[in-house]
Amino acid sequence: MNTASNGGVTLEPVVLDAAESASDPDLRARFAVSAHRILADLVREGAALGWVDPPSYDEVAELLDHVFSAVHAGDAALRAAYLDRQLVGVGYWLRHARPTHRPHADLEKIAVAASAQGRGIGRALTTALIDDARRAGIEVLTLDVRGDNSGALHLYRALGFTEYGRLPGFVAVGERRYDKVFCMMDFRQEE
């Protein structure tokens with residue numbers, strides 16, 4: 001990993017794709033454990049990542065296996081962010097499975113460890129995944145976000161996503177209800 005460093009400590013995040021992460025045996029061996037820790041900690045603190053309770057290690061490992069299989073088939077992209085060789089963020093998109101939707105993909109998770117937030121890692125992950133989608137020939141990249149996640153909504157809008165719909169009170173977390181906000185980036189308009 002080429003990084004700017006100071007005394008052996010990485011100052012800037014390094015964002016790797018799935019192949020780059022897998023090519024380093026040390027990073028590969030720790031990936032699922034580290035990703036599980038990040039996701040479970042974030043959900044425990046109330047992050048809007050699709051789980052009400054922190055996911056188990058097995059659930060995260062199964063999810064990652066699915067994403068890596070899709071990456072190898074050309075139907076996904078996965079990015080991992082590291083600071084000083086420690087995983088601090090992960091994100092991915094998956095191509096839609098339905099045959100009539102195959103030209104499109106859904107950005108499903110962007111997760112940054114609480115200790116690394118505010119350093120531009122979410123932006124770096126999302127930007128890399130957008131670039132991956134363009135290179136893969138994706139026509140429309142979609143995502144959905146919980147309506148109270150103002151930081152994510154601001155980031156996605158700043159990167160060029162537009163809101164195309166909203167389901168009021170659709171997301172249920174116990175007794176609380178949140179809007180589900182749908183956003184898209186249409187690469188066809190760039191041609």
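Okay, one definition before we start: when I say buried, I mean under 20% relative accessible area. And keep in mind that this is a predicted model.

Let's start with Arg95 and Asp75, whose side chains meet at 3.3 Å, N to O. Arg95 sits in strand S5 and Asp75 in the loop between helix H3 (57-72) and S4, so this bridge ties together parts 20 residues apart in sequence. Both Arg95 and Asp75 are buried.

Next up, Asp24 and Arg85. Here the closest N and O atoms are 2.9 Å apart. Asp24 comes out at 18% relative accessible area, so it's buried, whereas Arg85, at 32%, counts as partly exposed.

Last pair: Asp132 and Arg135, with a salt bridge at 2.5 Å, N to O. These two sit in helix H4 (residues 121-135), and because they're three residues apart, about one helical turn separates them. So which end is buried and which is exposed? Asp132 is the buried one, at 11% relative accessibility, and Arg135 is exposed, at 59%.

One more thing, going back to Asp24 and Arg85: salt bridges with shared partners put them in one network with Asp26 and Arg30.

Methods. Residues are numbered from 1 along each chain as its sequence is written. This is a predicted model: local features need pLDDT of at least 70, side-chain atom pairs count only at pLDDT 80 or more; totals for chains, interfaces and linings use all residues. Side-chain values use heavy atoms; hydrogens and water are left out. A salt bridge is a side-chain nitrogen of Lys or Arg within 4 Å of a carboxyl oxygen of Asp or Glu. Buried means under 20% relative accessible area, exposed over 50%, partly exposed in between (1.4 Å probe, protein chains only). Helices (H or I, at least four residues) and strands (E, at least two) are DSSP runs, numbered from the N terminus.
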